[in-house]
Amino acid sequence: MNLFKGLIKCSCGKNFNYKNDNGIPIYLCSGYKNYGSKYCPRNIIHEKDIIEVIKMHISQVSLDREIIKENINRIEVDGELITIFYVDGTKSEWDNSKLLI
């Protein structure tokens, strides 16, 4: 299930696409997927990591598409730096290479 459809943008300007990678939901930059590593480095985000960061920020036990639409404005990825922009004007940032959830 693609919880974050249309919300995750890469620094190359392309959207991230949902992929089920052997049962693990991930998001992959479409610029990398369509044009290769010369266009964009292979940025991958695990859905569980995004969910955990959002749940900590908005104090939710679980997330569904409706809660995400009500609370998330956009998600930007610049290399390993991931920033979630919330509707209320706040944001969460983390370094994906150092995420320990």
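Residues are classed by relative accessible area, with buried meaning under 20%, exposed over 50% and partly exposed in between (1.4 Å probe, protein chains only). The structure is a predicted model, in which local features need pLDDT of at least 70 and side-chain atom pairs count only at pLDDT 80 or more, while totals for chains, interfaces and linings use all residues. Residues are numbered from 1 along each chain as its sequence is written, and side-chain values use heavy atoms, with hydrogens and water left out.

Helices (H or I, at least four residues) and strands (E, at least two) are DSSP runs numbered from the N terminus. Two strands are taken as paired if DSSP finds at least two bridges between them. An open sheet is formed by three strands in the order β2-β3-β4, with antiparallel pairing. Strands β2 and β4 (44–46) are at the edges and have a single partner strand each, so one side of each lacks a neighbour in the sheet. From one strand to the next, the twist averages 30°, where axes are lines fitted to C-alpha atoms, for helices over the stretch in contact, and angles between N-to-C directions run from 0 to 180 degrees. Helix α2 (residues 47–58) packs on this sheet and touches β2, β3 and β4, contact being defined as heavy atoms within 4.5 Å. The direction of helix α2 makes about 60° with that of β4.

The antiparallel strands β2 and β3 are joined by six bridges, and Asp-21 stands opposite Ile-24 in β3. The loop between β2 (16–21) and β3 (24–29) contains Asn-22. Phi of Asn-22 is near 55°, a positive value in a residue other than glycine. Asn-22 is exposed, at a relative accessible area of 77%.

Rings of Phe, Tyr and Trp (its six-membered ring) pair if their centres lie within 6.5 Å; planes under 30 degrees apart count as stacked, over 60 as edge-to-face and the rest as tilted. Three aromatic pairs are counted by this rule. Phe-4 and Tyr-27 make an edge-to-face pair, at 5.8 Å centre to centre and 75° between the planes. This pair links distant parts of the chain, as Phe-4 lies in the segment before β1 (8–10) and Tyr-27 in strand β3, 23 residues apart. Phe-4 is buried at 1% relative accessible area, and Tyr-27 is buried at 0%. Tyr-18 and Tyr-27 also form an edge-to-face pair, with 5.6 Å between centres and 65° between planes. Tyr-18 is partly exposed, at 26% relative accessibility. Phe-4, Tyr-18 and Tyr-27 belong to one aromatic cluster.
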